[in-house]
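Hi everyone, thanks for coming along. Let me put the structure up, and then I'll walk you through it.

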Amino acid sequence: MTIVRTQRRWGILAVAILGLTVAACGNPSTTTTSSTIKVGILTTCGGPFAAFEQESFSGAKYALVQNAGGHSQGTGPEDGVSGATVAGHPISISFGCSDATPDKALAEARRLIQNVGVDILLGPLSGDEGIAIANYAKQQPNKTFVNGTSGAQQTTLSVKAPNFFRFGGDGAQWLAGLGKYAYNTLKWRNVAILGEDYSYPWTQAAGFIGEFCPAGGKISKRIWIPLGTTDWASAVAQLPSNIDGFLLLTGGTDTVAVEKDYANSGGNLATHMLGGSSVMDPTSFTVGSPLNGLAGGSPVPLGSTDPAWTSYVNGLESVYPATPKGSLAGSLFTGLYYNGMNAIIQGLKQVNGDLSGNQSKFQQALAGLSLSTPNGTVTLDSNRNAIITNYVVQILTQSDGSLGFKTIQTVPNVNQTFNGYFGPTSAPSRDSPSC
Amino acid sequence: MSLRRLQAELSHRLAGALALLVLFFSIAWVLIRALGLFGGTGNLPQFIVVTLNGITLAGLYFIVASGFTLIFGLMRVVNMAHGSLYLLGGYLAFRLVQQQALNYWLALVLAAIAIGVVGLLMQQIFLRWNQGQDLRQALITIALSVVLADQMIPLFGAEAVTTTPPSGLGGSIGLGISGVRYPTFRLVVLGLALLIGFGLWFGIKNTRFGMIIRAGVDDRAMTSALGINVQLVFAVTFFIGALLAGLGGVLGGTMIALAPGQDASFLLSSLVVVIVGGMGSLAGAVIGALALGLVDQLSGVYLPTGYTNFSILLTFALLVFVLAVRPTGLFGRR
Amino acid sequence: MKLTGLAGWLWLKRIGLAGVGVIVVLVPQLFSTFTASAIGLQTLVLGIAAASLIFLNAVVGMVSLAQTALYGIAGYTVAKLAVEQGVDPWVAALIAVLITVVVALLFGALASRSEGIYFLMITLASAVIAYYFFSQVSAFGSHEGINGVAPPALLGKPFVDPTGMYYTALICSLLLYGLIVYVRRTPFGYALQGVRDEPVRMRTLGFNVPMLRMAAFGFGALIASIAGVLLVWYNSNVSPGAIDLTRTIDLLTIAVIGGLGRIEGAWIGALLFTIVQTYSPQYTDRFETLIGLTFLAVVLASPGGLAGIAIGLDRWVRRRLGEGLERHGPGQGRADAG
């Protein structure tokens, strides 16, 4: 009986607490100074890509610190930025947090646009989210959407929302140079592709095939493993024995699982594997020394000695001294969110922060922007997708024994269609483009 | 009435026969593809490696699922936080090995015991006072798993990490068949799984505590009426069950990798293992783990071309299939 | 004096309920577009989905985690028919509901032989199967899902003006609520409650218990499929992410917070959940923890959920105000179903 009593009292307490929660959350603050420009940053803080939240935030915030006079309120990527202004307009930022599903990305985008009232949305992070957001952008023509790192081809090849801008390129562009590197430098002729079974790895494979096959190479097997597979051992076992090497297109846990299993079975990662852009990420360094010498494609010149890149890295790391060196700067998510925010700042500067007329002036400015970034100068094509410089980078053991990157090739002027190889109807899939 | 029973009996038999047929057909299919019979090109070394992968993965599944089934068998508690305990155990050992530079085996023992204690606390605080309300207990553990999963992200980071195996076990060994090499640590996991399986079987069969557990599984009320301290037995069982999850996490974190989401996948695999094998049965866990591990690894390789993307569905098809034939699992009883 | 107090309380309750009713009806007029759609509309839709779960528990004693899978089947059907075949949205919706119910009956035939916690686990497994099925089959758009689903023209564009969608969801909610209450009182409903309480006795009495369970599961699927159709119209897309394990647990959370024993609880739980889920991310990244802790608190403290608490509160006040020794009110409920 006493137990029952206690339970009821607990229950009432719970109701009271919940009531307070409702009351506290019911009135979102929507006060604005008329001249304040609101920017929303949408990334992932849950789900399979939760690890990239810090990286993408740090990039976007560092752009505000460096180019809009903002101050980081702390020493980590999670701390806010205050005092940023562009052409006299204070910039206020709000954050959206997805779990890499289109649903959640859409819900957060709607909250940011319709409830918080942001003028410009920077994001999202992953491919499927991007397609959903670009579709949503069509219904919000008086807002501006600047892509984060979402890399699906269709977003700008077939959806083509007029107010959706992508300064980082797509997943296929991020592998430009790697196909030729495999053919010409490594002398590979017969290659297998091993990757996760969804649109982003398919897109990356398309970028590799787009160079490797016209050059005369052959893809003898494509192994696509469903997302959510824990043990990748048998995926590795399916690699044919007569190939020159394989291209790995995975992220996070799956990358680590494959690299470990391949190395543990006596394979040599440096000579027999190439990595996709998500494979070339410091999060895989937990695998250790077998990674030494592994090369892959990346839209950012990881480990480059180019002054534009080194000053970016040094600046970033001085703003976020608490984070281990290399972990932020070594990520394409940091770099591309940084570029996206910079594009917003440059565009706003050109129009003096004037967002009137359904942001049409601002959007025109963005479309015509020639953005100088740590990874080269970026311009947009007629679909508002970037023409980028891409890089072949390599993981190397540094003098202190830790792992780091080195840029070994630079590929300028990479456009989305690979000079006509891809078009609006040629969406990459499990077995297309053929080879 | 009797007609309906006859009908039920008949459909049951039919389903059983169908099950056997499908099983034979799949084995035949795999062998034909693997050995290259009837004019195909076989690949024996690949078959050996993939089968070994299946068996070693089954070892890992067994270690995790045996803890799950032990707890369920005795206490009727479906611990939906079992996967969270797995992941937490893996992370603890990772920290101890990589950051404190502790000896691997010591870290393994410490992490497993720590998870045992976490499980014990969970049982004492949240589950002890509502014994018998199995649904409510399942809901409580689901809530706990949501909180644990979310809290492990800031505590251990969201990126994938992997524990370095003890020196000498990190490489591969030759199998002596056409130059095939195989990762040593996977075989270590298999060995440990056999050891644990044997230990559990021996313990349950021959010790006094095991006798009490068997009695408790058969008739809980009678066992407590005999003056046995059931609460103590429950506490110890939950400790061991959680410890096994933690141990699995340490081994899994070394053999594969640790990341958010692994908690859910190992909870699901434990569920499949014990539903297929029969809830509460150790022998069932062995068979269930083997079935799941082999289907998991073989299906990706041997499904007909163009259908390999359905491999992940096949493990669940296995489950539906077993349930259709035997609703209580292969070794289950009501 | 005591009597007046009681009457006052009853009046207060009536006025309160009427007030809530007025607010619910006037949501599109009273609140911003965003609140009306992201809170109001979403609450109604999730509430319908949760109601299917609560119906199965409260009436038949089956806790099903397959409801997200079922609404996913309906959602995918409607999206595929409308986007790829150009079928009229209303017709597509009707076909989607039919297909979902048929699938549910087939699945029910298999799963209804299991009870209690077994049933929970089997439905959990089936939810995961549905997730992997839709994420692997290219015809359903793999991980990307199907984009660009437009609701019937009558309902307008939910992103721009949610009014039409809101009233549709409200009417659906009310109709389904009425339907559940009605079914409960039919001979079929009583038979189901018999199955819940005394399956063995029901079998002895000559009822076909698995068949009854299967039929109940089909009825639950009917409710869930309507939620699925509305959800896809509201989101204008469907992807495997809408039916993953997180969403499955979310739906269970809604049902538990609202109260597993009372149908009304579905919408109460959905409202609280939607508010927390929509607004808490701007304060903390760890809002899942918040939701998990709420879930935990409700399961530990009040297995009847918020609906149970409200009824308990009402009864407590009435007892305080001197109502007679009424013991077994309808709200005594099978809240925990344990």
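Let's start at one residue: C:R196 touches C:V59, C:V60 and C:G61, leaving aside residues up to four places away in sequence. By contact I mean that the C-beta atoms of two residues, placed from the backbone, lie within 7 Å. Before going on, a word on the source: this is a predicted model, where local features need pLDDT of at least 70 and side-chain atom pairs count only at pLDDT 80 or more, while totals for chains, interfaces and linings use all residues. Residues are numbered from 1 along each chain as its sequence is written, and chains are lettered from A and ligands numbered from 1 in the order in which they are written.

Back to our arginine. C:R196 sits in helix α8 of chain C, residues 187-197. Helices here are DSSP runs of H or I with at least four residues, strands are runs of E with at least two, and both are numbered from the N terminus. Is C:R196 buried or exposed? It counts as buried, because it has 21 C-beta neighbours inside 10 Å. The cut-offs are 20 or more other C-beta atoms within 10 Å for buried, 12 or fewer for exposed, and partly exposed in between, with C-beta atoms placed from the backbone. As for C:L222, it is 26 residues from C:R196 in sequence, and the two C-alpha atoms are 20 Å apart in space.

Now, how does chain C meet chain A? Here 40 residues of chain C are in contact with 37 residues of chain A. On the chain C side, α3 (33-60), α6 (116-136), α12 (265-279), α13 (287-301) and α14 (305-320) each supply at least two residues. The most comes from α12(C), with 5 residues. By class, that side has 16 nonpolar, 19 polar and 5 charged residues. For those classes, Ala, Val, Leu, Ile, Met, Phe, Trp, Tyr, Cys and Pro are nonpolar, Asp, Glu, Lys and Arg are charged, and the others, Gly among them, are polar.

Next, chain B with chain C: the contact takes 31 residues from chain B and 34 from chain C. On the chain B side, α5 (134-156), α10 (262-277) and α12 (311-325) each give at least two residues. The largest share, 14 residues, belongs to α5(B). That side of chain B divides into 25 nonpolar, 3 polar and 3 charged residues.

What about chain B itself? Its secondary structure comes to 12 helices and 2 strands. The radius of gyration of chain B is 21 Å, close to the 20 Å that the globule rule gives for 334 residues, so chain B is as compact as a globular protein of that length. That radius is taken over C-alpha atoms, and the rule is 2.2 Å times the number of residues to the power 0.38. Of those 334 residues, 53% count as buried.

Finally, chain A, which has 13 helices and 17 strands. Buried residues make up 59% of its 435 residues. One helix I'd like you to look at is α7(A), residues 199-215, which has 17 residues. Of these, 14 are buried, so α7(A) is largely enclosed by the rest of the structure. It bends by about 35° at A:I209, the bend being the angle between axes fitted to the seven residues ending there and the seven starting there. Just after α7(A), A:G216 takes a positive phi of about 120°.

Thanks, and I'm happy to chat.

Note on methods:
The expected span of a helix is 1.5 Å times one less than its number of residues.
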